[in-house]
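The entries below follow in the order of my reading.

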Amino acid sequence: MKFSFKKMALASVASAAMAVGAMANADDVRVATDPSFVPFEMMDQESGEMVGFDMDIIREIGNRAGFTPNINTMDFNGIIPALQTGNVDIAIAGMTITDERREVVDFSDPYYDSGLQLLVGKDNTDVKAVEDLAGLKIGTKIGSTSFDFLTEKFGSDATITPYPGSADMYMALVGGSVDAVFYDAPNVGYFSQTRGEGRVKVVGPLYEGQQYGIAFPKGSDRVDAVNEALASMREDGTYDEIHAKWFGKAEE
C-alpha cells in the first residue's frame with residue numbers, strides 16, 4: 001500500500017514538545033479496541049494480552065507521546081458511544097474515517113489504507129462480485145461501513161445480517177447460515193488464510209477504498225501529539241517495521 005506521509009514535513013521541535021507536553025500529565029490513557037478484529041487486535045491466549053498491528057501502533061505512539069495505553073476491549077458498535085460519554089480517551093480498532101463519524105468524534109491522520117472484500121465458501125462458483133449477492137444471505141458486522149454499503153446497495157433485495165463479532169459472521173458462513181461475508185479486506189484475508197483455509201475463498205475486487213484512523217472525543221487535546229508520533233514513526237521506519245511484522249513489507 002502507498003502513503004503520502006513521506007511528503008509531510010515534521011512539525012518544529014518546539015511544537016512537537018508542546019504537543020507531547022499536553023499529554024505528559026495523562027500517563028495512563030484509556031484506549032478502546034475491538035478484540036475480534038484480527039490481525040489488528042486480538043487476545044493472546046497464552047499471555048492474556050491484547051496483541052496485533054493496532055496494539056503495536058498505539059503502544060509505540062504512547063512511548064513517543066508520553067502516555068501508557070490502558071487497553072479496554074468492547075464490541076465495535078460500543079466504541080464511539082464510549083468516546084462520546086468520556087468513558088475512554090482514545091480508540092484504535094481498524095475504524096474507517098467517514099464524514100458521518102467525523103460529526104461525533106475527531107480522528108488522527110490516516111494510519112492504514114484498506115477497503116471491503118467478499119468471502120464465500122470454497123465451492124461457491126456463483127458469486128464472483130458484489131452484484132451477485134442480490135437475493136442472497138450476507139453476513140457483515142454491526143456498525144461497520146460494510147453494513148452501510150450493503151444496506152445502501154441492496155435495501156430489501158438481500159438478507160443482510162449484522163453480527164456483533166467477526167468470528168460470528170465467519171462461522172455463519174462456514175456453517176451455511178449465510179451465503180457470503182462482506183467486510184474489511186485485511187480481516188477477510190486473514191481469516192481465509194488461517195481458520196478458514198480450505199473452507200472459504202476471497203472473490204471479486206477491493207471495494208470502497210478506505211483509510212483507518214485513531215478516534216478521539218470531540219475537541220480532544222491528544223490529537224496533535226498522536227499525529228506527531230505517527231509522523232515520526234513513518235520518518236524513522238518504525239511504522240514499516242510494524243507493518244512488515246503483521247502484513248509483510250509495505251509497498252514502496
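**Two helices crossing**

I first looked at how α2 passes α9, and the crossing is right-handed (the near helix is turned clockwise from the far one by less than a right angle). I noted that the model is predicted, that local features need pLDDT of at least 70 and side-chain atom pairs 80 or more, while totals for chains, interfaces and linings use all residues. I also noted that residues are numbered from 1 along each chain as its sequence is written, and that side-chain values use heavy atoms, with hydrogens and water left out.

I then found that the axes of α2 (residues 53–65) and α9 (residues 238–247) come within 9 Å and cross at roughly 160 degrees, which makes α2 roughly antiparallel to α9 (an angle over 145 degrees). In the contact (heavy atoms within 4.5 Å), the residues of α2 are F53, D56, I57, E60 and R64.

V226 and I61 are 165 residues apart along the chain, yet 6.4 Å separates their C-alpha atoms.

**A covered strand**

Last, I checked strand β7 (residues 112–121), where 8 of the 10 residues are buried. I found that β7 pairs with β11 (residues 200–212) in the antiparallel sense over 8 bridges (pairing needs at least two bridges found by DSSP), and that L119 stands opposite V202 in β11.

Definitions and conventions. Axes are lines fitted to C-alpha atoms, for helices over the stretch in contact, and angles run from 0 to 180 degrees between N-to-C directions. Helices (H or I, at least four residues) and strands (E, at least two) are DSSP runs, numbered from the N terminus. Angles under 35 degrees count as roughly parallel, over 145 as roughly antiparallel, 65 to 115 as roughly perpendicular and the rest as oblique. Buried means under 20% relative accessible area, exposed over 50%, partly exposed in between (1.4 Å probe, protein chains only).
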